[in-house]
Amino acid sequence: MSGLPPGIECDVPLSRFTTIGTGGPAAFLGQPTEEAALIAMLAWAERTAQPIAVIGLGSNLLPADAGFPGLVLRLEGQLARIEVGPAGAVLGGGASLAAAVRKVGDAGLAGFEFACAIPGTMGGAVRMNAGAYGREIVDVLVTATICSAAGARTVEAADLGLTYRHSDLAPGEIVTAAELALTPADPAAIRELVREYQGRRTAAQPRKARTFGSVFKNPGGERTSGQLLEACGLKGYRVGGACISEKHANFIENVDHATSADVVALMTEARRRVKEQFGIELHHEVQTLGEIHIPAV
Ligand SMILES: Cc1cc2nc3c(=O)[nH]c(=O)nc-3n(C[C@H](O)[C@H](O)[C@H](O)COP(=O)(O)OP(=O)(O)OC[C@H]3O[C@@H](n4cnc5c(N)ncnc54)[C@H](O)[C@@H]3O)c2cc1C
């Protein structure tokens, strides 16, 4: 296509950018390194009527095997910065949480340790109100900068509708920065807490396998999704190259060249069995990209 803004590539496999390793090509992939470039790409997409999607580290993402017929954006450079201040930090939407946890911890700022368990970016974490160990992004977020083709605006955390693994952000709204409020503390104590959290994760979840984290949200009530799925005998259940983890039943592993269709088939059967056995309808936490249909049960 003529008139492509600089930095946009065509026909790029999304499987490269997801932790589960499935997904077809994005018609266009833009990796802007600053806000002006991002806005130019968004304006181009609007002019040419391309649908827009944004991805972070693809750690909670299932793209369609047919790919995405529009512009997929990944934030880099300035849009992935980590700036630490005396009582908090400003992170670009593309900043990796793992790097941010290390940097704020070394600077003696506590309150963000929980994010060591979440292998995504700041933008993805705001969209998902990601959380672990009893804390969520909403507990530390002060403001978020949000970009769309219309430009950038800063929004208070309280106005983002952040609840359990949910925000009110619309699909075309891109988090380009987030301001966090943190508390001064001893860096050694922060490092110790991070080590403890990481140890707990390694014991409970598959760590080396290709997954996208929790498949389903917890339904509330006494049992977690993982416990319900395990009680249905689903550990080890396999469709094509995708398999429900033997270590934690709310994880799906790509064990052998899985497709997104394999994953959807597993999710559909898992939901069906939980509904049949417990009368509970599970809702998926994983986000989809492109034409993916996860049938209701
Ligand atoms: C091993 C493992 C463990 C995990 N543990 C946890 C956990 O403990 N707690 C938890 O909450 N999650 C967990 N996750 C899931 C995942 O890491 C989080 O949901 C994370 O917040 C997703 O961030 P991401 O950058 O990878 O987003 P992606 O997966 O790339 O995208 C997820 C959603 O966010 C949107 N998005 C991405 N970037 C932006 C942006 N800049 N602006 C607006 N929207 C954006 C995407 O469009 C998509 O809708 C885990 C995943 C794995 C693989």
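Predicted model: local features only at pLDDT ≥ 70, side-chain atom pairs only at ≥ 80, totals over all residues.
1. Helix H3 is the place to start.

2. Which elements each supply at least two residues of the ligand shell? There are strand S3 (52-55), helix H3 (122-128), strand S9 (131-132) and strand S13 (174-181). The shell around the ligand counts 32 residues, and those that come nearest are Gly56, Gly120, Gly123, Gly124 and Gly213. By class, 17 shell residues are nonpolar and 14 are polar. One is charged.

3. Why does the ligand lie between domain 1 and domain 2? Both domain 1 (8-77) and domain 2 (79-204) give residues to its shell, so the ligand sits between the two.

4. The protein chain is divided into three parts: domain 1 (8-77), domain 2 (79-204) and domain 3 (225-289). The centres of domain 1 and domain 2, taken over C-alpha atoms, are separated by 22 Å. Contact between these two involves 21 residues of domain 1 and 20 residues of domain 2.

5. Now the side of domain 1 that touches domain 2. Helix H1 (35-47), S3 and strand S5 (68-74) each supply at least two residues there. H1 gives the most to this side, with six residues. The residues of this side divide into 10 nonpolar, six polar and five charged. S3 also supplies at least two residues of the shell around the ligand.

6. Next, an open sheet of four strands. The order is S1-S2-S5-S3, and the pairing is mixed. Strand S1 (8-13) and S3 are the edge strands, each pairing on one side only. From one strand to the next, the twist averages 35°.

7. How do strand S2 and S5 pair, parallel or antiparallel? Strand S2 (residues 25-30) and S5 run in the parallel sense, over four bridges. Within this pair, Phe28 has Leu71 in S5 as its bridge partner. H1 packs on the sheet and touches S1, S2, S3 and S5. The direction of H1 makes about 170° with that of S5.

8. A helix pair deserves a look. The axes of helix H2 (residues 97-106) and helix H4 (residues 187-204) come within 8 Å and cross at roughly 150°. That angle makes H2 roughly antiparallel to H4. Which residues make the contact? From H2 come Val101, Gly105 and Asp106. From H4 come Pro187, Ile190, Arg191 and Val194. By class, the contact of H2 with H4 has four nonpolar, one polar and two charged residues.

9. A further open sheet has three strands. Its order is S15-S16-S17, with antiparallel pairing. The edge strands are strand S15 (238-239) and strand S17 (252-254), and each pairs on one side only. Strand S16 (residues 242-244) and S17 are joined by three bridges in the antiparallel sense. Which residue of S17 stands opposite Cys243? The residue is Glu253.

Definitions and conventions. Residues numbered from 1 in each chain as written. Pairing = 2+ DSSP bridges. Near = placed C-beta within 6 Å. Nonpolar A, V, L, I, M, F, W, Y, C, P; charged D, E, K, R; others polar. Domains from an automatic or database assignment. Contact = placed C-beta atoms within 7 Å. Axes fitted to C-alpha atoms, helices over the stretch in contact; angles between N-to-C directions. Parallel < 35°, antiparallel > 145°, perpendicular 65-115°, else oblique.
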